[in-house]
Amino acid sequence: MSRSKRTITKVAVPVVAAVAVGAVAYAGNMANTPPRHDSTSSASAADSAHASKAEVGDPENPATWRLPIEAYLPTKADTRFIAATRDSLIDECMKAAGYDQWTPAPDLPEIGGKTLTDWRYGIHDAGLAVKRGYHPDAAEQQAYDEAQEVGAVDESGADDSTLNSCVAQADGKAPSAQPNALAQQISDDSYLESMNAPSVVDAFAKWSSCMKAQGYSYAKPMDANDDSRFSDPYNVTDEEIATAKADVSCRRTYNVEKVWFDAEVALQQTAITKNQAALDEARKTIKSAVAKAKSVNAVK
């Protein structure tokens, strides 16, 4: 059998779940929900209300905060587990089809924010800002770039039809856990809409004044984060580091991240309440996908 090389790439696993422990900050108000007398419905409603709570682990670390919509998105652990199971199934199928040299693409190293709320509102680690400004750790960036460049080389000579057939078989046994479109839309919309909340507008104005007092002219925190002068991760200038240090300091002075987070929580709770039935189905789909992947591993 002739051998050809084909580069296979795999995107980094999307971060959708925060590590949430400790105190709970619940912005929802379920008291206005009409009572249901059916015991099954009541249990389901209570479960949904609990699942969609916002949580705050370390008040000083946004990476440990959890938005309500995360209850309806696959966790990073679920995504990795299902992906690994699917890779194993595809690998077995390809080898059974005679392509012994088939190799699934490896996961890319993590880079930047490790949870949905980590870096969602911009940088927050003063120590990292001093070293890297608005960029991830240097070693982390290098590992990611190298993995992107190398990728995985398929030397099996497999044709696309065989691979597609094996992927279809994997879909039947362990379907992928893709973010539900509605849940993802709520997450995206709440982020954008929250910036118009009066509390957030006020926090941004205070942050902007704080930055201006130190010689930096930005209207909103993400304007500094997205400054085109700071786009090169391999050329972190003294100016970028000085800006980032001032940025983090002003954020902390006016509690910008927490104010922003609380505004998002309120918006998400409203959207979740309006779409509760559809979101509950999305959560069931995720649980079903995880259960199928576990059953596949159980018989191996």
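Numbered in sequence order, the bonded cysteines of the protein chain pair as 1-2, 3-4. The structure is a predicted model, in which local features need pLDDT of at least 70 and side-chain atom pairs count only at pLDDT 80 or more, while totals for chains, interfaces and linings use all residues. Residues are numbered from 1 along each chain as its sequence is written, and side-chain values use heavy atoms, with hydrogens and water left out.

A search of the whole structure finds two disulfides (pairs of cysteine sulfur atoms within 2.5 Å). In one, the sulfur atoms of Cys93 and Cys166 are 2.1 Å apart. This pair links distant parts of the chain, with Cys93 in helix H2 and Cys166 in helix H5 (residues 160-173), 73 residues apart; helices (H or I, at least four residues) are DSSP runs numbered from the N terminus. The torsion about the S-S bond of Cys93 and Cys166 is about -75 degrees, so the disulfide is left-handed. Cys93 is buried at a relative accessible area of 14% (buried means under 20%, exposed over 50%, partly exposed in between, with a 1.4 Å probe and protein chains only). Cys166 is also buried, at 2%.

A disulfide also joins Cys210 to Cys250, with an S to S distance of 2.1 Å. Cys210 lies in helix H7 (residues 198-213) and Cys250 in helix H9 (residues 238-253), so the pair ties together parts that are 40 residues apart in sequence. With a torsion of about -80 degrees about its S-S bond, the Cys210 and Cys250 disulfide is left-handed. Cys210 is buried at 16% relative accessible area, and Cys250 is buried at 0%.

Helix H2 (residues 76-96) packs against helix H11 (residues 276-298) at an angle of about 45 degrees, with the axes 10 Å apart. Axes are lines fitted to C-alpha atoms, for helices over the stretch in contact, and angles run from 0 to 180 degrees between N-to-C directions. H2 is therefore oblique to H11 (under 35 degrees is roughly parallel, over 145 roughly antiparallel, 65 to 115 roughly perpendicular, the rest oblique). Residues of H2 in the contact (heavy atoms within 4.5 Å) include Phe81, Ile82 and Leu89, which meet H11 residues including Ile286, Ala289 and Val290.

The axes of helix H6 (residues 181-194) and helix H10 (residues 256-274) come within 9 Å and cross at roughly 135 degrees. H6 is thus oblique to H10. Among the residues in contact are Ile186 and Tyr191 of H6 and Trp260 and Leu267 of H10.

How values were computed:
Helices (H or I, at least four residues) and strands (E, at least two) are DSSP runs, numbered from the N terminus.
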